[in-house]
Amino acid sequence: MAEVITMLALSPTMDEGTLAEWTIKEGDVVEEGQVIAEVETDKATMEMESFFEGTLLKLLVAAGDAVPVGDAMAIVGEAGEDISALLKELEGGGAAAPAQADEAPAEELPAEDAADDGAAAAKPAKGGASDGRVKSSPLARRMAEDAGIELSEIEGSGPSGRVIKRDVEAAMESQGAKKAAPAPKAASAAASADGLAAGTQVPLSQMRKTIAKRLQSVWQSTPHFTLTMDIDMAAAMAKRKEINAGLKAANINAKVSVNDMIVKACAVALQEYPAMNVSYQDDHLLQFDEVHVGVAVAIEEGLITPTIRFANEKGLRKISEEVRELAGRAQDKKLKPEEYTGGTFTVSNLGMFGIDHFMAIINPPQAGILACGAVKKTPVVNDDGELEVGTRMKVTLSCDHRAVDGATGAEFLTHVKRLLETPLLLMV
């Protein structure tokens with residue numbers, strides 16, 4: 001019996017994946033657990049395994065296609081098996097859940113819909129409505145949203161009155177709605193009616209879509225306040241030079257960076273100021289028992305934050321090695337979800353680009369992020385009132401004001417400054 005392989009949720013925040021590559025072709029024999037595709041999620045390129053075994057009868061999507069989680073991607077069955085009925089059903093309604101494929105070709109039911117499927121089957125309603133909810137396929141929902149049509153106004157013809165693709169298409173025709181066009185891969189766009197200059201449409205990656213969605217949500221829902229401070233980095237730079245010289249003399253292939261020292265300083269400060277190591281959770285504050293520092297890494301398609309777990313318990317060399325190893329795999333989009341989630345605080349450093357000062361947006365569910373500028377020689381006034389050349393770095397702490405007050409943030413930032421200005425404290 002033919003089985004439908006659907007797009008899996010390969011990351012905690014993934015709702016759509018882009019097929020990067022099939023590793024099999026039609027006619028190949030598929031083993032259960034075999035890697036069959038590479039999928040670009042919102043964070044990384046992940047391998048997707050098959051839950052079924054048999055012969056790959058049909059590939060339904062091609063490399064570069066964006067596929068919502070749960071939508072059909074391929075069909076596996078017995079060699080020579082007739083899948084025409086299943087294909088017809090899929091073409092009419094989008095995905096078919098693997099568990100349903102044994103009994104009859106049908107669309108995938110999201111978990112929340114499957115729970116009340118029985119009641120809906122007993123008394124189908126317009127649009128598959130049951131208790132105010134509308135049963136629909138992911139594709140139908142997206143098409144209806146694009147066309148500006150309420151799902152509740154559509155007569156569902158799928159299982160249990162579910163609204164499927166053909167129902168939305170019929171509604172679009174009857175209402176004269178503009179049919180949703182396929183997402184452009186890349187096209188030259190003429191000047192638009194709203195005055196935008198002509199340009200080239202660049203498709204959004206899954207990562208860019210997620211970044212846009214999450215940051216807009218955080219910026220609108222989380223009250224930020226920021227604290228900026230100058231840190232004298234002369235001692236830290238001298239200590240870093242000493243450490244790296246020692247590593248080189250010992251033929252150890254490692255090199256501590258300024259960012260590694262900042263990560264360590266933040267981790268120690270978070271341990272000593274647990275009021276900063278928290279998350280706002282609507283009805284309570286979650287104070288983390290552990291210190292895990294995320295490090296913002298820019299990659300071609302956006303930003304990701306590999307996490308240094310228990311950073312407060314690790315030495316500078318260990319932190320340096322982990323940051324480099326994780327950042328390298330982040331560039332290749334090979335991080336596992338557990339390697340970029342679970343952070344309790346984030347460090348974002350644009351100093352290597354020559355940026356003096358910036359403010360970062362909080363990475364939820366964390367309550368704080370430290371934005372670090374470049375370490376630069378700059379004129380300063382010393383304690384004797386004399387002008388001299390100093391080594392300074394400007395840092396800005398962004399805090400979730402629902403969880404952290406100004407005094408708490410200031411104490412934390414002052415301790416980070418103390419640690420970096422007395423780098424021996426990072427060694428003990």
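Is Lys334 buried, partly exposed or exposed? Lys334 is partly exposed, with a relative accessible area of 40%. The legends below refer to a predicted model.

**View 1. Salt bridge between Lys334 and Glu38.** The side chains of Lys334 and Glu38 meet with an N to O distance of 4.0 Å. This pair links distant parts of the chain, 296 residues apart. Lys334 sits in the loop between H10 and helix H11 (337-340), while Glu38 belongs to strand E4 (residues 35-40).

**View 2. Salt bridge between Lys209 and Glu16.** The closest N and O atoms of Lys209 and Glu16 are 2.9 Å apart. Lys209 lies in helix H7 (residues 206-221) and Glu16 in strand E2 (residues 16-22), so this contact ties together parts that are 193 residues apart in sequence. Lys209 is partly exposed, at 31% relative accessibility. Glu16 has a relative accessible area of 15% and is therefore buried, the cut-off being 20%.

**View 3. Salt bridge between Asp400 and Arg402.** An N to O distance of 2.8 Å separates the side chains of Asp400 and Arg402. Asp400 is buried, with 2% relative accessibility, whereas Arg402 is partly exposed, with a relative accessible area of 34%.

**View 4. Network of Lys314, Lys318 and Glu322.** Salt bridges that share partners join these three residues, Lys314, Lys318 and Glu322, into one network. Side chains of opposite charge can pair when their charged atoms come close. The count of salt bridges in the model comes to 16.

**View 5. Crossing of helices H9 and H10.** Helix H9 covers residues 258-272 and helix H10 covers residues 316-331. Their axes come within 9 Å and cross at roughly 115°. H9 and H10 therefore count as roughly perpendicular to each other, a class that runs from 65 to 115 degrees. The crossing of H9 and H10 is right-handed.

**View 6. Nonpolar surface patch around Leu425.** The patch is formed by Leu424, Leu425, Met427 and Val428. Together, these residues have about 400 Å² of accessible area. Leu425 is located in the segment after helix H12 (406-421). With a relative accessible area of 35%, Leu425 is partly exposed.

Methods:
Residues numbered from 1 in each chain as written. Predicted model: local features only at pLDDT ≥ 70, side-chain atom pairs only at ≥ 80, totals over all residues. Heavy atoms only, no water. Patch = residues over 30% accessible without salt bridge, like charges linked within 9 Å, V, L, I, M, F, W, Y side chains within 5 Å. Areas by Shrake-Rupley, 256 points an atom, 1.4 Å probe, with all protein chains shown as cover. Helix = DSSP H or I, 4+ residues; strand = E, 2+ residues; numbered from the N terminus. Buried < 20%, exposed > 50% of the residue type's maximum accessible area, 1.4 Å probe, protein only. Axes fitted to C-alpha atoms, helices over the stretch in contact; angles between N-to-C directions. Parallel < 35°, antiparallel > 145°, perpendicular 65-115°, else oblique. Left-handed = near helix turned anticlockwise from the far one by under 90°.
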